[in-house]
Amino acid sequence: MRKAFFAGLAIAVLAFQVHAQTRELATGGVLLDRVAAVVNEGIVLQSELDTQTEMIVKRLQESRTELPPQNVLRQQVLERLVLQEVQLQRAERIGLKVSDEVLNNALREVAKRNNIPFERLPEALASQGLNYAAYRDSLRKEMTIQMLRERDVRSRIIVTPRELDQFIAKQAAAENQEYNVSHILLSLPQAAEPAQIDAVTERANDIVKRARDGEDFAQLAVAYSNGQTALDGGALGWRKGTELPSFIADVVAKLDPGGVSDAVRTPSGYHIVRLNERRGATEQVMVNQVHARHILVRTNELRDDAAVQGKLQALREQILAGEDFAKLASSNSEDIASAAEGGDLGWTAPGTFVPEFERALNALAENEVSQPFRTEYGWHIVQLLGRRVHDNTDEERRKQAFAALRQSKLEEETEIWLRRLRDEAFIEYRM
């Protein structure tokens, strides 16, 4: 498990190690590297390109994907490095930074997911051939790019209720199917000339023909796709119909497994889709829900933990003696939202509350009132009003549809945004 998780950043880490070592040694006056590309005021080194190409070749060989010609693969890898550099430069220009505290929290999550103590993370990384300092830097870069995309793209995407209703109606048939899909994007510049459009159109139609004639789709994706999954052979993996961008969902619904679509034009360019497999999806979503209400009291300069706990204990005794929980919650609870409802939290699914709150709820019988307990939000008493198994299919369908529609817009807008950043940058290839 550890090896699989750490491998996700291995390519970037190794590239950074080479980059850092080269620059450090080059300051001594010895030429140790060459520039593969100039990107505005930054550069991409040939050693970075060599390292990433080697790692991607290894990964493609392990997945048994037929490799394109070496020069084609290197150009694709170089383009990915250029796009990364463009994004990091923009983040720096606008002052977007990942603080050490945020980075350390992310590293703690890495350690937690791999079931190792945080202080042993450097040792665990070293066992995988990864330098801790380089890993930190690579993770910071990845998080910086994610924050940049959140700021520039995701935050501007709006899904209206009408769009959501139309999307759900349109995807009603597709939602009971899951598709294993691969994808090729041939992007177009923002202000493409007619000759450029004609050239890309001709290339798209040629790729469609070659794929339908039996050429390996993954190899074609590695060689020609400008999409973010190009170096993964264009694989999007298994997705429900409602989780696919709408134009892809429309296409795959009409394809048989192994079928390749015509080239589909969108604002980001031409898309070619291959349906690898399809299968039925689970129709019904049943969840265990609880209905509860609570009273929250926090400590302050005048009340310590003991005083707050004592107050809640007194309120609990009043409730057990017959006082109305809702009235006491309305006048005493510091959870403003629920206090207005007499402390009522409604019907909720597992994972809604923090672990301490859920543990207290799970230990209660129906109508029982807990002893005072503490969470990160303060001190609580909680009453369990009921349990039920609820058919959450409609709510889950709507939630998934919202996420899918937003993700569909995000994928298309991200491709357009990346093309715009690249078109606005000064890029000079040196190889």
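1. A residue counts as buried when its relative accessible area is under 20%, and as partly exposed between that value and 50%. The model discussed here is predicted. In it, Asp 152 has a relative accessibility of 8%, so this residue is buried.

2. Arg 90 is the salt-bridge partner of Asp 152, with 2.5 Å between the closest N and O atoms. Arg 90 lies in helix α3 and Asp 152 in helix α6 (residues 132–152), so the bridge ties together parts that are 62 residues apart in sequence. Arg 90 is also buried, at 19% relative accessibility. A network of salt bridges links Arg 90, Arg 151 and Asp 152.

3. Helix α3 (residues 70–93) also holds Leu 88. With a relative accessible area of 16%, Leu 88 is buried. Leaving aside residues up to four places away in sequence, Leu 88 touches Lys 141, Thr 144 and Ile 145. The C-alpha atoms of Leu 88 and Thr 144 are 7.3 Å apart, although 56 residues separate the two in sequence.

4. Asp 100 and Arg 140 form another salt bridge, at 2.8 Å between the closest N and O atoms. Asp 100 is in helix α4 (residues 100–113) and Arg 140 in helix α6, 40 residues apart. Both are partly exposed: Asp 100 at 45% and Arg 140 at 25%.

5. The structure has 21 salt bridges. One of them joins the side chains of Arg 59 and Asp 232, at 3.0 Å from N to O. Arg 59 is in helix α2 (residues 46–62) and Asp 232 in the loop between α9 and β4, so this pair ties together parts 173 residues apart in sequence.

Key:
Residues numbered from 1 in each chain as written. Predicted model: local features only at pLDDT ≥ 70, side-chain atom pairs only at ≥ 80, totals over all residues. Heavy atoms only, no water. Helix = DSSP H or I, 4+ residues; strand = E, 2+ residues; numbered from the N terminus. Buried < 20%, exposed > 50% of the residue type's maximum accessible area, 1.4 Å probe, protein only. Contact = heavy atoms within 4.5 Å. Salt bridge = Lys/Arg side-chain N within 4 Å of Asp/Glu carboxyl O.
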